[in-house]
Amino acid sequence: MLNNIQIGPVTIHMYGLMIGIGFVAAYLSCCARARKKSLSEDIVWGILLCAILGAVVGTRLLYYIVSIPQILADPSILWNFKNGYVVYGGIIFGVLFGYIYCKKKKVSFLQYFDLVMPSVSLAQGFGRIGCFFAGCCYGQQTDSWFHIIYTHSDFAPNHVPLVPTQLLSSAGNFIIAGILFWYSSNTKKDGTVGAMYMILYSIGRFVIEIFRNDFRGEWGGWSTSQLISAAVLVFGILLMAALLKKPAGKRA
């Protein structure tokens with residue numbers, strides 16, 4: 001699979017293209033739903049910009065944290081920006097920066113949390129397709145018929161059959177997005193859509209980690225992302241339980 005596709009004098013970087021498509025899809029879907037829910041599109045734009053900033057900071061920061069032994073052995077990793085990004089860090093910091101922005105604007109964080117998270121999952125679906133083209137976030141070697149063989153990847157092992165974990169992750173994120181869009185139109189409890197995202201995504205991410213074979217950091221035989229997934233799942237369940245106990249329409 002090629003990440004860079006040459007069409008005449010133009011080089012298309014598929015990873016960047018998929019990230020861009022994901023962002024546009026997320027923004028447009030957020031705005032469409034904001035109009036239906038009488039929420040501010042300006043606030044949506046501000047949240048997305050904050051989320052991008054949080055994602056840039058968080059993905060890199062978490063990578064540094066899980067790579068401390070490697071950094072101590074080779075400090076040049078600190079300024080090697082070709083790779084080294086952990087998605088969970090981006091999600092966590094994106095939500096944190098969005099929360100701070102909502103507080104500054106004096107608007108309900110939970111309402112916008114519910115609005116944005118289905119679109120975040122949609123964007124992640126496109127982003128994982130970008131990972132598939134680039135060869136990052138690759139899976140374990142397999143004898144199954146369901147595999148991908150890279151020949152020009154700078155990240156994945158080339159010329160060996162690998163579990164296409166990127167496509168599995170992409171499909172899972174699109175399914176989660178569909179579930180959240182449906183759930184959002186059928187619940188009146190603020191925050192429950194965001195909590196549902198936390199529950200569904202953490203379960204899916206924990207499972208997909210079993211089949212991945214790229215470096216993500218580990219502790220006690222578990223990958224860093226699995227440990228974070230477990231914590232996010234517990235928090236999501238507790239948040240959902242607390243929100244469902246509140247009367248409909250009452251702000252948390």
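Tutor: Helix α6 passes helix α7 in a right-handed crossing, a crossing being right-handed if the near helix is turned clockwise from the far one by less than a right angle, and left-handed if anticlockwise. The model is a predicted one, in which local features need pLDDT of at least 70 and side-chain atom pairs count only at pLDDT 80 or more, whereas totals for chains, interfaces and linings use all residues. Residues are numbered from 1 along each chain as its sequence is written, and side-chain values use heavy atoms, with hydrogens and water left out. Helices (H or I, at least four residues) and strands (E, at least two) are DSSP runs, numbered from the N terminus.

The axes of α6 (residues 165-184) and α7 (residues 192-209) come within 10 Å and cross at roughly 160°; axes here are lines fitted to C-alpha atoms, for helices over the stretch in contact, with angles running from 0 to 180 degrees between N-to-C directions. The two helices α6 and α7 are therefore roughly antiparallel to each other, given that angles over 145 degrees count as roughly antiparallel, under 35 as roughly parallel, 65 to 115 as roughly perpendicular and the rest as oblique. From α6, the contact (heavy atoms within 4.5 Å) is made by T165, L168, S169, N173, I176, I179, L180, Y183 and S184, and from α7 by T192, V193, M196, Y197, L200, Y201 and I208. By class, this contact of α6 with α7 has eleven nonpolar, five polar and no charged residues, where Ala, Val, Leu, Ile, Met, Phe, Trp, Tyr, Cys and Pro count as nonpolar, Asp, Glu, Lys and Arg as charged, and the others, Gly among them, as polar.

Leaving aside neighbours within four places in sequence, G139 is in contact with L162, V163, T165, F211, R212 and N213, and with a relative accessible area of 0% G139 is buried; buried means under 20% relative accessible area, exposed over 50% and partly exposed in between, with a 1.4 Å probe and protein chains only. C137, found in the loop between α5 and β3, has a phi near 55°, a positive value in a residue other than glycine, and at 15% relative accessibility C137 counts as buried.

Helix α5 (residues 109-134) can be followed next through its packing with α4 and α2. The axes of α4 (residues 87-105) and α5 come within 11 Å and cross at roughly 150°, which makes α4 roughly antiparallel to α5. Here V87, I91, V95, G98, Y99 and C102 in α4 meet F109, Y112, F113, M117, Q124 and R128 in α5, and by class the contact has nine nonpolar, two polar and one charged residues. In the loop between α4 and α5 lies S108, which counts as buried at 15% relative accessibility and whose side chain reaches the backbone nitrogen of Q111 at 3.2 Å.

With α2 (residues 41-66) the geometry of α5 is another matter: their axes come within 11 Å and cross at roughly 70°, which makes α2 roughly perpendicular to α5. The crossing of α2 and α5 is right-handed, and in it I43, V44 and I47 in α2 meet Y112, L115 and V116 in α5. By class, that contact has six nonpolar, no polar and no charged residues.

Helix α1 (residues 14-36) holds S29, which at 15% relative accessibility counts as buried. Apart from neighbours within four places in sequence, S29 is in contact with S119, L122 and F181, and the side chains of S29 and S119 are joined by a polar contact of 2.6 Å; such a contact is a pair of N or O atoms within 3.5 Å, and within protein one must be able to donate a hydrogen and the other to accept it, while residues adjacent in sequence count only if both atoms are side-chain atoms. S38, by contrast, lies in the loop between α1 and α2 and is exposed, with a relative accessible area of 68%.
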